[in-house]
Structure formats: C-alpha cells, structure tokens
Amino acid sequence: MDLQIQQKVFLISGGAKGIGEAISRCIAEEGGYPVIIDPSVIEGKKLMVEFNTNGIKSLHIAKRLSNPSDAKDAIEQTVKAFGRIDGVVNNAGSNDGVGLENGTPEAFRASVEKNLGHYYDLVHYALPYLKETKGSIVNIGSKTAITGQGNTSGYIAAKGGQLSLTREWAVELLKYGIRVNAVIPAEVMTPLYKNWLETFENPNLKLKEIERKIPFENRMTTAKEIADTVVFLLSNRSSHTTGQHIFVDGGYTHLDRAL
Ligand SMILES: NC(=O)c1ccc[n+]([C@@H]2O[C@H](COP(=O)([O-])OP(=O)(O)OC[C@H]3O[C@@H](n4cnc5c(N)ncnc54)[C@H](O)[C@@H]3O)[C@@H](O)[C@H]2O)c1
C-alpha cells in the first residue's frame with residue numbers, strides 16, 4: 001500500500017527517541033518530511049543528518065515543549081522551513097510517578113501540565129495550517145489511562161485527558177476535514193520503559209513476568225509496530241477513521257490474560 005505521504009510535513013513531539021523516533025523514521029521511509037521537536041540534541045541531529053543524506057528533508061527543533069510559546073515557536077520554524085503542515089503527532093511524555101501518597105498537590109498539577117499542556121498547544125498553533133491541508137492528528141496515549149497503574153496520578157490524569165481530547169477535537173474539527181485519532185501503547189521497550197524497569201529489584205525477572213501476560217506472542221510491542229499504525233492514521237489511506245482510540249498492544253489491555 002502506498003501511503004501517499006511523500007513530501008508531506010509532519011511534526012512529532014519527542015520524535016528523537018523511543019516511540020517518537022520510530023514514528024520519525026517511518027514517516028521518512030514513506031517519503032514524508034519529519035519535524036522532530038525534542039530536547040535530545042545528539043539523537044535529533046543524528047536523525048536529521050541521516051534523513052537528509054537519504055534525500056528526505058527534515059528539521060530538528062531542539063526544544064522541550066513546556067510553555068505555550070515553545071509550541072508557537074516550533075510551528076513558526078516549521079512553516080518557515082516548509083510552508084505547510086500535514087499532520088501533528090503528540091507523543092512526548094514521561095511517567096513521572098506523582099501519586100496520591102508519594103506526591104503533593106503542587107507536583108500533581110505540574111505533572112498534568114507537563115504531560116497534557118503541550119498536546120493542546122501544538123494543535124492550537126498548527127490548526128491554521130492543518131485546515132489548509134486537511135491534515136491529521138494522532139495523540140499517543142497509554143493503556144494506563146484505562147487500567148490505572150498506581151502511584152502516578154498526574155501522568156494518568158494527563159493520559160486520560162489525551163483520550164478525551166481525541167474525541168473532542170475529532171468533533172470540533174469535522175467541519176475542516178481534519179481527522180483526530182489516538183494510538184495507545186501498553187508495553188514498548190524504549191528509554192522511558194527501561195528506566196521504569198530499572199526501578200524493580202530484578203528488572204529481567206519483571207520483564208519476563210510482563211511478557212508472559214501479553215496475549216499475542218507473549219512479547220513486547222515494538223516501537224515500529226506503534227509507528228506503522230500512527231503513520232497509517234496520518235495518511236489519507238485511513239480517510240474515514242476519526243475519533244478512534246486504537247490499542248496497539250498485542251491484546252494486553254482487553255483480552256483475557258489468564259488464557
Ligand atoms: N514505552 C511504553 O511502553 C509506553 C507505554 C504507554 C504509553 N507510552 C507513551 O508513548 C510516548 C512516548 O514514550 P517513550 O516510551 O517513547 O518515551 P521516551 O522517554 O523513551 O522518549 C520520549 C522522547 O520525548 C522527549 N520529550 C519528553 N518530554 C518532552 C517535551 N516536553 N517536549 C519535547 N520532547 C520531549 C524525550 O527527550 C525523548 O526523546 C509517551 O507519551 C508515553 O506516555 C509509552
């Protein structure tokens with residue numbers, strides 16, 4: 001299937017590592033132009049050089065999205081470089097462990113803001129350009145918004161908010177022909193995930209326990225498998241799919257794990 005995204009421009013927050021990196025790579029493989037917004041200077045630059053060497057235009061904006069002005073500036077840089085925006089992937093986030101008992105009200109608010117605020121900001125400032133291209137938006141959520149995880153109220157509140165905003169924006173943007181979907185990972189080996197595993201006494205044992213419970217093939221989802229679904233949703237090959245929450249998780253969230 002030709003996804004027909006050649007020379008189209010897509011923003012990926014957190015696009016230099018983990019799931020975001022896989023999405024940037026997948027867009028480039030399909031001939032699209034990735035704009036990576038990520039403070040990881042070395043990784044982002046390396047990807048940009050690699051893409052450009054292969055004839056794929058790309059841009060690395062070495063920035064951590066925190067304040068609305070960061071998103072505004074990223075959109076301005078993108079439009080200056082490419083003159084158009086065809087899609088936004090809201091992906092950057094971190095499970096920062098601000099729980100009920102181990103957190104504070106101030107830390108909770110900061111965590112929600114850190115994980116949810118820039119999802120809104122990026123789409124808000126990209127919207128005039130998405131209207132012109134009838135672009136597509138993909139929000140990366142987390143299965144923890146559905147199942148809970150414990151000790152991470154802020155992150156989970158933000159993840160739940162992202163799923164609600166997916167539906168809300170899908171409705172609000174119907175009139176512009178802009179589609180909005182969410183892709184929901186569960187267990188994907190990335191730098192973020194590795195850090196989380198390291199919090200256990202025996203990370204290898206913990207990993208084996210988790211893999212055993214993943215119904216499809218008893219293995220982790222690869223970042224590439226998440227990226228393939230995201231890029232399909234960015235493309236017009238998914239032209240009648242909007243407002244959907246799509247779980248790419250080997251059945252981990254919904255199938256009977258006792259099978
Ligand atoms: N890995 C998993 O198993 C898993 C499971 C469920 C959900 N997710 C979600 O997937 C997304 C990506 O996770 P990952 O595991 O690839 O993470 P990761 O930490 O491995 O990579 C995230 C990248 O985003 C960048 N980043 C973080 N905050 C940023 C910000 N404010 N602005 C710009 N860049 C920022 C980091 O520098 C990093 O390069 C997150 O939204 C996460 O909640 C991941």
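I take the expected span of a helix as 1.5 Å times one less than its number of residues, with helices (H or I, at least four residues) and strands (E, at least two) being DSSP runs numbered from the N terminus. The model is predicted, so I kept local features to pLDDT of at least 70 and side-chain atom pairs to pLDDT 80 or more, while totals for chains, interfaces and linings use all residues. Residues count from 1 along each chain as its sequence is written.

**Helix α1.** I checked its length: 12 residues should span 16 Å, and the end C-alpha atoms are 17 Å apart, which agrees. Then I looked at burial (20 or more other C-beta atoms within 10 Å of a residue's own, C-beta atoms being placed from the backbone). I found 10 of the 12 residues of α1 buried, so the helix is largely enclosed by the rest of the structure. Among them are Gly18, Glu21 and Cys26. Just after α1, Gly31 has a positive phi of about 90°.

**Strand β5.** Which way do its residues point? Ser136, Val138 and Ile140 face one way, Ile137 and Asn139 the other, and all are buried. I also looked at pairing (at least two DSSP bridges between strands). β4 (residues 87-90) runs parallel to β5, joined by 4 bridges, and Gly87 stands opposite Ser136. On the other pairing, β5 and β6 (residues 179-184) are parallel over 5 bridges, where Val138 has Asn181 as its bridge partner.

**Ligand.** I noted that α1 (18-29) and α7 (191-197) each supply at least two residues of the shell around the ligand.
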